[in-house]
Amino acid sequence: MRSEHVLTTKELSRSDIEAVLDRAVDIARDPPDRSQYEDTILALLFFEPSTRTKMSFDTAMKRLGGTTVDLGPVGSSSVTKGESLADTVRVIEGYADGIVLRHPSEGAAKMASEFVDVPLINAGDGAGHHPTQTLLDLYTIRENVGFDDLSIGIMGDLKYGRTVHSLSHALTKLDARQHFISPESLRLPRSVRYDLHEAGANVREHTEIEDVLPSLDVLYVTRIQRERFHDENEYRKVAGQYHITAELLDEAADDLIVMHPLPRVDEIAPDVDETAHAKYFEQAHNGVPVRMALLDLLLGGIDQ
């Protein structure tokens, strides 16, 4: 994977995915020598708000021994002067050995990657893709329940959820059974459903979580993303439609794990936090070793 961009999970093979996950396991046990990255600089270009993704990339680079440079608030950058994204990344390429980009426009990462030679990692492009979130999701799944004969329910905002789009493509490569649970108005986009069908995905769609909960190994919950709706009334129609509680999980298998890319609003009740099912904070913590592994593979820390 050295010197390549990471834009979507569609472009990652199963062997690519497993290489990152295996490296993350190694790094969690025995971090690499920090001296090999003492001159490495990673640029963080976040045109949308972020807590976990931005801070975990920052932490990952620093734990490897490198440093980061940060675009900072968009309002204080040259973007306010009308600078194009293409020009911005071409300038930043001269300052850093790799770029992490989050942008509100779907397809922005792919476009930006065409203007740079250093590795560019998509940290979320609108309602498009979020491949590094998927990698840490898969790491969490593999460490807790494994990939064999996997049955996963993905619930909530499937239309705008970039984490869902990335995860579904990766799960297809793992031959997982995927159950999508959402209101009719927030179903997977037709283009994503078509791609999954063409890839031979094992997919079923539902509107009620109770229909499928007992059969799941993993329940992956997402929030209804208010910021993606153009009509506030449409958001209100679906907001709060799904609510996972500890009582509801009495109907689930004892070893079910509940995941969430965070932040959550009201889709998972606080009483779930105290159950053995809850893995979403562990999931967030896994972002550091997984992103350390990805950076290590892309920036040439080991010969892969």
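Predicted model: local features only at pLDDT ≥ 70, side-chain atom pairs only at ≥ 80, totals over all residues.
Select residues 85-93. Which residues of α3 are buried? They are L85, A86, T88, V89 and I92. Look down the helix axis: these residues cover an arc of only 160°, which puts them on the same side of α3.

Next, show the open sheet of 5 strands. Its order is β7-β6-β5-β8-β9, and the pairing is parallel. Colour the edge strands, β7 (202-206) and β9 (257-259). Each pairs on one side only. On average, neighbouring strands of the sheet are turned by 20° against each other, direction ignored.

Zoom in on β5 (residues 151-155) and β6 (residues 177-181). This parallel pair is joined over 5 bridges. Select G153 and find its opposite number in β6, H179.

Move to helix α6, residues 162-173. Is α6 enclosed or open? Of its 12 residues, 11 are buried, so α6 is largely enclosed by the rest of the structure. Among the buried ones are R162, H165, H169 and T172. Check the helix length too. At 1.5 Å a residue, α6 should span 16 Å, and its end C-alpha atoms lie 18 Å apart, which agrees.

Finish just after α6, at D175. Its phi is positive, at about 60°.

Definitions and conventions
Residues numbered from 1 in each chain as written. Heavy atoms only, no water. Buried < 20%, exposed > 50% of the residue type's maximum accessible area, 1.4 Å probe, protein only. Helix = DSSP H or I, 4+ residues; strand = E, 2+ residues; numbered from the N terminus. Arc of directions from axis to C-beta. Pairing = 2+ DSSP bridges. Axes fitted to C-alpha atoms, helices over the stretch in contact; angles between N-to-C directions. Expected span 1.5 Å × (residues − 1).
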